[in-house]
Structures are given as structure tokens and as C-alpha cells.
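Let's take a walk through this structure, one piece at a time. Have a look at it first, and then we'll go from a sheet to the helices around it and end with a pair of loops.

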Amino acid sequence: MSQLQGSSSLKRKRQDLALVSGSMTDGERVLYNLIHSKKDIGIWTGDMKRETNLPDSIVKKSLKLLQSKNLIKEVVNIQNKGRKHYMAAEFEPSKEITGGDWYTQGSLDTYFINLVKDVCLKYIFRQKVATCDGILEWSRKSGVFTVGITAQQTDEILRALVLDDEIEEVKSTGIGDFSSVPVGRICYRCKSKGGIRGEQKPGAMAFIPCGVCPRINFCTPDGIISPRTCVYYQKWLDF
């Protein structure tokens with residue numbers, strides 16, 4: 001039954017698109033086909049002009065009409081926020097475009113990042129030793145966050161806390177504080193006695209942080225994430 005419903009829905013969608021397509025100008029059709037082919041990556045207006053050889057006036061007019069028909073949408077590309085970037089309305093932007101889970105409408109959500117850091121740090125302190133999976137399972141069961149946190153996000157937060165010199169990554173010995181964690185399993189424990197984020201200890205960076213940075217793929221010299229603005233890189237230089 002569900003397959004029949006899905007097939008029927010897809011058929012109606014194609015019929016609706018065919019009707020809209022019939023009312024498109026040649027310029028609209030060329031641009032829509034190009035934008036749609038880029039899927040969740042989308043395309044910059046400059047690349048549209050280069051790939052289609054359409055005059056600037058036709059491109060601008062066609063984009064406006066396609067948007068009014070809800071066939072395409074403008075999205076924020078964190079790599080180049082000043083450029084107009086479009087994709088077909090049926091797709092959601094990839095992480096290459098949005099910056100990933102820590103970005104909201106193209107801006108890094110530092111408030112939420114710090115909130116998750118504090119929650120994870122306090123949990124590790126209470127447990128004395130915690131694994132990434134353990135923190136993730138607890139956060140989901142407790143409902144401490146109003147939005148879901150993924151395993152990748154949890155791992156990124158733990159790596160950031162290691163760089164902040166708040167916690168350390170260790171392997172379980174299976175005894176003492178590690179009795180609940182299988183021998184050899186990677187886990188984390190607080191480096192400070194208070195279990196809260198306080199003053200930074202000296203010697204925070206014994207190695208260049210770029211090698212373990214979870215946002216290294218988005219780091220560019222003139223981008224939002226760059227060596228010039230990276231607090232971890234600056235700490236390493238100060239060290």
C-alpha cells in the first residue's frame with residue numbers, strides 16, 4: 001500500500017513539474033535543469049552564466065521567475081556568503097554548503113556549542129570516566145537537549161574539550177574508575193578537579209590542533225573558519 005502511495009505521489013509530482021515546465025521560457029528551462037542537476041550542492045550565479053552562456057539580464061529574470069514558482073531557492077553557502085547560491089526546492093543543502101550541524105542559517109551557533117560542551121563536561125565529571133557512546137546515550141534518554149545530538153557531534157565536542165585542555169582522552173584499564181568501561185576502550189576524564197570550565201592550564205597544546213580539528217575541511221585562509229580566527233591555533237602559537 002505504501003509503495004502504491006509513494007508511486008502515486010511521485011507521479012503527481014512529475015505531472016505538476018511537467019505542467020510548470022510547459023509554462024517556462026527557454027531561459028528558465030535551461031537554468032532550472034542546470035540547478036536541478038547540482039542537487040544538494042547547488043550552484044553560484046556566476047557559474048550559471050559561465051555554463052549556460054546566457055546574458056546577465058536573462059539569468060536574473062529567470063531566477064526571479066523560478067523562485068516565484070517555488071522551483072528553486074536561495075541558500076547560504078558558508079564558503080562564500082557574499083555570493084548568491086541556488087538549488088532546486090526539493091533538495092536540502094549539504095554540509096559542504098551549510099557548514100554542518102553546528103551552523104544555523106549560515107552562522108556558527110557558538111551558544112549551542114558552549115552549552116553542549118558544559119553539559120558533556122559536567123557529565124564526565126559526575127561519572128569520573130565516560131565514553132562517547134555513553135554520553136550520547138545519556139543525552140538522548142535524559143532529554144537534556146531540545147534537539148537531537150548525533151554521534152559525530154558528540155565526538156566533535158569531546159575533541160574540542162580535549163583541545164581546550166578540559167578533559168583528556170585515555171584508554172580504559174578496566175579497574176578503579178574504569179571498571180564500567182571495557183579494557184582498551186577510548187574514554188574521557190576531566191583534567192580539573194572542579195568539573196567546570198575554568199582557567200586554562202599552561203601547556204594546553206602540545207601539538208598543532210589542526211590535525212584533530214573536526215572542522216578542518218571547512219578551514220580556508222579567508223573563510224569564516226580560518227587560521228586567523230581560530231582560537232585553538234592561537235593557543236598553540238602562544239604555547
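Start with the open sheet: three strands, ordered E1-E3-E2, with antiparallel pairing. At the edges sit E1 and E2 (72–75), each of which pairs on one side only. Keep in mind that what you're looking at is a predicted model. In general, strands of a sheet pair through backbone hydrogen bonds, in either a parallel or an antiparallel way. Here E2 and E3 are joined by four bridges in the antiparallel sense. To find your place in that pairing, look for Val-75, which stands opposite His-85 in E3. Helix H2 packs on this sheet, touching E1, E2 and E3, and its direction makes about 85° with that of E3.

Now turn to helix H3, residues 45–52. Which of its residues are buried? They are Thr-45, Met-48 and Thr-52. These three cover an arc of only 50° around the axis, so they lie on the same side of H3.

On the H2 side you'll find Val-30, Leu-31, Leu-34 and Ile-35, which meet Met-48, Glu-51 and Thr-52 in H3. Sorted by class, this contact has five nonpolar residues, one polar and one charged.

Finally, the loops. Most residues other than glycine have a negative phi. Asn-53 isn't a glycine, yet its phi is positive, about 60°. Is Asn-53 buried or exposed? Its relative accessibility is 66%, so Asn-53 counts as exposed, the cut-off for that being over 50%.

Asp-165 isn't a glycine either, and has a positive phi of about 65°. Look for Asp-165 in the loop between helix H8 (151–163) and strand E6 (167–171). With a relative accessible area of 8%, Asp-165 is buried, since buried means under 20%.

Terms used: Residues numbered from 1 in each chain as written. Predicted model: local features only at pLDDT ≥ 70, side-chain atom pairs only at ≥ 80, totals over all residues. Heavy atoms only, no water. Buried < 20%, exposed > 50% of the residue type's maximum accessible area, 1.4 Å probe, protein only. Helix = DSSP H or I, 4+ residues; strand = E, 2+ residues; numbered from the N terminus. Arc of directions from axis to C-beta. Pairing = 2+ DSSP bridges. Contact = heavy atoms within 4.5 Å. Axes fitted to C-alpha atoms, helices over the stretch in contact; angles between N-to-C directions. Nonpolar A, V, L, I, M, F, W, Y, C, P; charged D, E, K, R; others polar.
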